[in-house]
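Please read the following report alongside the sequence and the structure. It takes up model confidence, ring pairs, strand pairing and backbone geometry in turn.

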Amino acid sequence: MKQLNLLLLIALTVFSYQITSAQAVLNEIYSDPGSGNHEFFELYNTSISGKPVSMDNYTLVAYYENGPQEKGFYVLDFPNLSVGPKGFFSGAAQVPFNYQGNTASKAADFSWNDPQLTAKGGYLKKYTLSNGTYTSSPITNLNDLFYKRTGNGASYSIMVYQNGKQVNAFFAGMGGSIEAPQHIIDMPQLTVDLVTKEANSSFTIDFRKLAGKPVEGVIENAGSDNGFIRNRDGLCNYWGKSSANVKHTPGRSNGGGAGIAGALSITSHIYPGSSITDSAFISYNITSGPLELFPVNLQVYLDNGVTEGQLDSADVFVGQNIETVSTDGGFTTRYMPPTQDL
């Protein structure tokens, strides 16, 4: 589901607004490499503006389970790199890397096994759950970042965070309807480090918040030397399995989309409260857009200004509405305090 975060800049009764869609989402996952090949993933920058997205603020979290006695997460903090609008960003177990009959590909921007990854502003750690708490340790020479779990529920559970806020949740091998699996929802909260060139911080993931939320995925499992591909760049719920006829294309388009935000016409208006104790509200609506871009999840956050105008871990979720077609709207969300940026 497309997610548009409305940034509304308020100065008492004077207001303006803009749409911020500068975020990157999973586009390909090569989860089951054949012999001699290497795992990789690709993200696609959905932004249509001229500003690159810093990947320094991104973290990938992938669940693993090695029998009933060992389970936890691999956490990959991305290095200090960036990707331009409608651009592609890839990480691989090795650079150059091999995949699906392609050898020594240089399409990956970095390797999570690079000994210099920490020096470049990233890291790869293994978080193991024991007696209700996690212990973390660095890990190297890993070609199974996307661990294939057996049993009921998703075989693969992969989440992507920007500044500590989840921007993508992908589950595959569900064998049924696509929703966050219970074994992920039941995992204890996980606190991970966010390493950036500006400063080091941390954020905490509460997996219970995945319950009942829109997620992406593929019902089927990947076969040997295959994985999962978004059939059109950046468009939600367009995922499928890679195969002999559906090949991975790291660094190249899977098929152009109409654009995540640029093809949608959106109106919004802020109604400030009459006093500092009176809640304000915002009305908003998607008035037109291609049918293929729906449903759209419209979310409102308090912008607390850690990074002004950008969704980050300090921003507070206020509410959301799902527009299934352009004639659904509009919507109204109240918030406090009335002078708060959104």
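Is phenylalanine 40 buried or exposed? At 0% relative accessibility, phenylalanine 40 counts as buried, where buried means under 20% relative accessible area, exposed over 50% and partly exposed in between, with a 1.4 Å probe and protein chains only.

## Basis and confidence

This is a predicted model, in which local features need pLDDT of at least 70 and side-chain atom pairs count only at pLDDT 80 or more, while totals for chains, interfaces and linings use all residues. Residues are numbered from 1 along each chain as its sequence is written, and side-chain values use heavy atoms, with hydrogens and water left out.

The protein chain has a mean pLDDT (the predictor's confidence in each residue, from 0 to 100) of 86, and 90% of its residues reach 70 or more. Over residues 1-21 the pLDDT is below 50, and this stretch has 79 contacts in the model beyond near neighbours in sequence, a contact being heavy atoms within 4.5 Å.

## Aromatic rings and charges

The whole structure holds 26 aromatic pairs; rings of Phe, Tyr and Trp (its six-membered ring) pair if their centres lie within 6.5 Å, and planes under 30 degrees apart count as stacked, over 60 as edge-to-face and the rest as tilted. The pair of phenylalanine 40 and tyrosine 99 is edge-to-face, because the ring centres are 5.5 Å apart and the planes stand at 65°. Since phenylalanine 40 lies in strand S4 (residues 40-45) and tyrosine 99 in strand S10 (residues 97-99), the pair ties together parts that are 59 residues apart in sequence; strands (E, at least two residues) are DSSP runs, numbered from the N terminus. Tyrosine 99 is also buried, with a relative accessible area of 5%.

The charged end of lysine 125 sits over the ring of tyrosine 123, 4.7 Å from its centre, the criterion being NZ of Lys or CZ of Arg within 6 Å of the ring centre and within 35 degrees of the ring normal.

## Backbone geometry in the loops

Most residues other than glycine have a negative phi, and most peptide bonds are trans. Asparagine 131, in the loop between S13 and S14, has a positive phi near 55° and counts as exposed at 80% relative accessibility. Lysine 86, which is found in the loop between strand S8 (82-83) and S9, likewise has a positive phi of about 55°, and counts as partly exposed at 46% relative accessibility.

The peptide bond from valine 95 to proline 96 is cis, with omega near -5°, and proline 96 lies in the loop between strand S9 (88-92) and S10. A cis peptide bond also joins methionine 336 and proline 337, with omega about -5°, and proline 337 is found in the segment after strand S26 (331-335).

Key
Helices (H or I, at least four residues) and strands (E, at least two) are DSSP runs, numbered from the N terminus.
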